[in-house]
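Please have a look at it first.

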Amino acid sequence: GIEFLHSEAHNFLLCAIRRESPGLTAADIDEVYQETLMGVLIAARKPDFDPTSPMKFVMTVLKRRTID
């Protein structure tokens, strides 16, 4: 779940946030990271969640959070 995502993809996600929004501060990057994990957790608990492409889904959430 989220623990696995955090432990195994933490650095990858931080790099993706930096790539998507290069002007963010360290605090902003941390906030986007936390919001991404929360967004994934909330969506994964919904009955219509489709876990067939989990990293694609995580990246979609991440990209939406960098826009916000």
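In α2, the residues V32, E35, T36, G39, V40 and A43 meet F57, V58, V61, L62, R65 and T66 in α3, where contact means heavy atoms within 4.5 Å. By class, this contact of α2 with α3 holds seven nonpolar, three polar and two charged residues. Here Ala, Val, Leu, Ile, Met, Phe, Trp, Tyr, Cys and Pro count as nonpolar, Asp, Glu, Lys and Arg as charged, and the others, Gly among them, as polar. Helices are DSSP runs (H or I, at least four residues), numbered from the N terminus.

A word on what you are looking at: this is a predicted model, in which local features need pLDDT of at least 70, side-chain atom pairs count only at pLDDT 80 or more, and totals for chains, interfaces and linings use all residues. Residues are numbered from 1 along each chain as its sequence is written, and side-chain values use heavy atoms, with hydrogens and water left out.

Two packed helices are described by the angle between their axes and the distance between the axes. Axes are lines fitted to C-alpha atoms, for helices over the stretch in contact, and angles run from 0 to 180 degrees between N-to-C directions. The axes of α2 and α3 come within 9 Å and cross at roughly 130°. That angle makes α2 oblique to α3; angles under 35 degrees count as roughly parallel, over 145 as roughly antiparallel, 65 to 115 as roughly perpendicular and the rest as oblique.

Now turn to α1 and α2, whose axes come within 10 Å and cross at roughly 135°. This makes α1 oblique to α2 as well. On the α1 side, I2, L5, H6, H10, L13, L14, I17 and R18 meet I29, V32, Y33, L37, V40 and L41 in α2. The classes in this contact of α1 with α2 are eleven nonpolar, two polar and one charged.

What about the remaining pair? The axes of α1 and α3 come within 11 Å and cross at roughly 45°, and α1 and α3 are therefore oblique to each other. Their contact is made by L5, A9, F12, L13, A16, I17, R19 and E20 of α1 and M55, V58, M59, L62, K63 and T66 of α3. Ten nonpolar, one polar and three charged residues take part in the contact of α1 with α3.

Terms used: Helix = DSSP H or I, 4+ residues; strand = E, 2+ residues; numbered from the N terminus.
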